[in-house]
Amino acid sequence: MSLAAYYFCKMCTKADKKRDEGLEIPQDIEYIRNVRYGENKKYHTLDICWPKRIEEELPVIISVHGGGYVYGNKEVYQFYAASLAQMGFTVVNFNYRLAPKYKFPAPLEDLNTVISWLLEHQKEYPVDMQKVFLVGDSAGAQIVAQYGAMYSNREYASVMEMDVPKFTLKALGLCCGTYDLKKRALEADGKGLMRDYLGKDIRKYGEKLNVLNYITADYPPAYLFSANGDYLKEECRPMAELLRSKGVRSEYKIYGNEQTYHVFHVDMRNEFGKEANGEMVAFFKEVME
């Protein structure tokens with residue numbers, strides 16, 4: 001692990017613990033923990049939650065956590081997941097393999113495995129696999145955006161050497177993300193978190209890093225948002241405009257003020273975060289109509 005990643009993980013651990021202190025899963029939510037979805041005993045577990053007293057299938061939100069590819073887990077996102085479930089969804093909140101031990105494209109492989117697992121176990125949970133939404137923030141947003149390209153463009157799925165299962169991805173929620181993976185990798189110049197994720201030599205990945213080149217009119221609709229205090233806020237508008245140029249339905253919004261920070265929407269006490277999550281879900285419900 002790079003020195004940058006080490007200090008990044010320490011900082012995030014402290015901040016997330018402080019943010020969530022005193023929170024509990026709402027009593028109206030059924031929350032199932034630590035379900036195994038893959039072979040890796042450390043990372044391949046997920047939580048799944050939905051509103052209690054629900055008997056019918058619900059649309060599904062799969063949440064991909066952020067953390068610069070080196071940090072994060074489902075525990076950090078449990079209250080966020082429960083809050084989305086309260087809006088009428090079954091929410092899947094999962095761990096994926098982290099860098100530097102596991103490099104690109106491990107998170108994408110794990111997301112693909114989660115979706116395959118859901119298809120295999122859909123009769124055991126209130127899930128409608130014809131109404132699936134992916135949400136992610138920071139590095140998670142990049143992963144979700146890249147998976148959207150794989151889902152909608154089989155040529156890119158072939159480039160990525162992945163077999164995307166058959167389900168219906170209705171839309172994406174992309175928060176505080178970065179989307180041009182190759183550009184970010186080149187800017188990092190083999191240093192910091194991107195080196196942890198991609199390694200020293202990015203040339204070996206070739207076309208796999210050219211994610212934006214494979215976005216077509218078939219790409220899922222997307223709700224993109226960021227905050228005025230987010231260091232990645234300038235990434236939001238260009239991605240939304242690229243999608244629109246391809247004929248893809250997309251909306252974007254910058255929330256709050258200069259004190260509204262990166263991944264603010266995961267803070268259950270942040271009013272701007274609540275607003276952003278509500279408007280994202282409203283977008284999802286419009287797409288379902």
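Helix H2 (residues 78–85) is largely enclosed by the rest of the structure, because eight of its eight residues are buried (buried means under 20% relative accessible area, exposed over 50%, partly exposed in between, with a 1.4 Å probe and protein chains only). This is a predicted model, in which local features need pLDDT of at least 70 and side-chain atom pairs count only at pLDDT 80 or more, whereas totals for chains, interfaces and linings use all residues. Residues are numbered from 1 along each chain as its sequence is written, and side-chain values use heavy atoms, with hydrogens and water left out. Helices (H or I, at least four residues) and strands (E, at least two) are DSSP runs, numbered from the N terminus.

**Enclosed elements**

- The buried residues of H2 are Gln 78, Phe 79, Tyr 80, Ala 81, Ala 82, Ser 83, Leu 84 and Ala 85.
- Strand S5 is also described as largely enclosed by the rest of the structure, because nine of its eleven residues are buried.

**Strand pairing** (two strands pair if DSSP finds at least two bridges between them)

- S5 pairs in the parallel sense with strand S3 (residues 58–64) over seven bridges, and Val 60 stands opposite Val 132 in S5.
- S5 also pairs with S6, in the parallel sense over six bridges; here Asp 137 stands opposite Cys 175 in S6.
- Strand S7 (residues 222–227) pairs with strand S8 (residues 250–255) in the parallel sense, over six bridges.
- Between S7 and S8 the chain passes through helix H8 (residues 236–245), in a right-handed β-α-β crossover (right-handed if, with the strands pointing away from the viewer, the path from the first strand over the helix to the second runs clockwise).
- Tyr 223 is positioned opposite Glu 251 in S8.

**Backbone exceptions**

- Most residues other than glycine have a negative phi, and most peptide bonds are trans.
- The bond from Ala 99 to Pro 100 is cis, with omega near 5°, and Pro 100 lies in the loop between strand S4 (90–94) and helix H3 (106–121).
- Phe 104 and Pro 105 are likewise joined by a cis peptide bond, with omega about 5°; Pro 105 is found in the loop between S4 and H3.
- Ser 138, not a glycine, has a positive phi of about 55°. This serine is in the loop between strand S5 (127–137) and helix H4 (139–152), and Ser 138 counts as buried because its relative accessibility is 11%.
- Glu 161 has a positive phi near 60° and sits in the loop between helix H5 (154–159) and strand S6 (169–175); Glu 161 is exposed, with a relative accessible area of 64%.

**Surroundings of His 44**

- His 44 is placed in the loop between strand S1 (29–36) and strand S2 (45–51), and counts as buried at 9% relative accessibility.
- Not counting residues up to four places away in sequence, His 44 touches Val 35, Arg 36, Tyr 37, Gly 38, Glu 39, Arg 97 and Asp 110 (contact means heavy atoms within 4.5 Å).
- The C-alpha atoms of His 44 and Arg 97 are 7.6 Å apart, although 53 residues separate the two along the chain.

- Met 1 is located in the segment before helix H1 (3–20), and counts as exposed because its relative accessibility is 53%.
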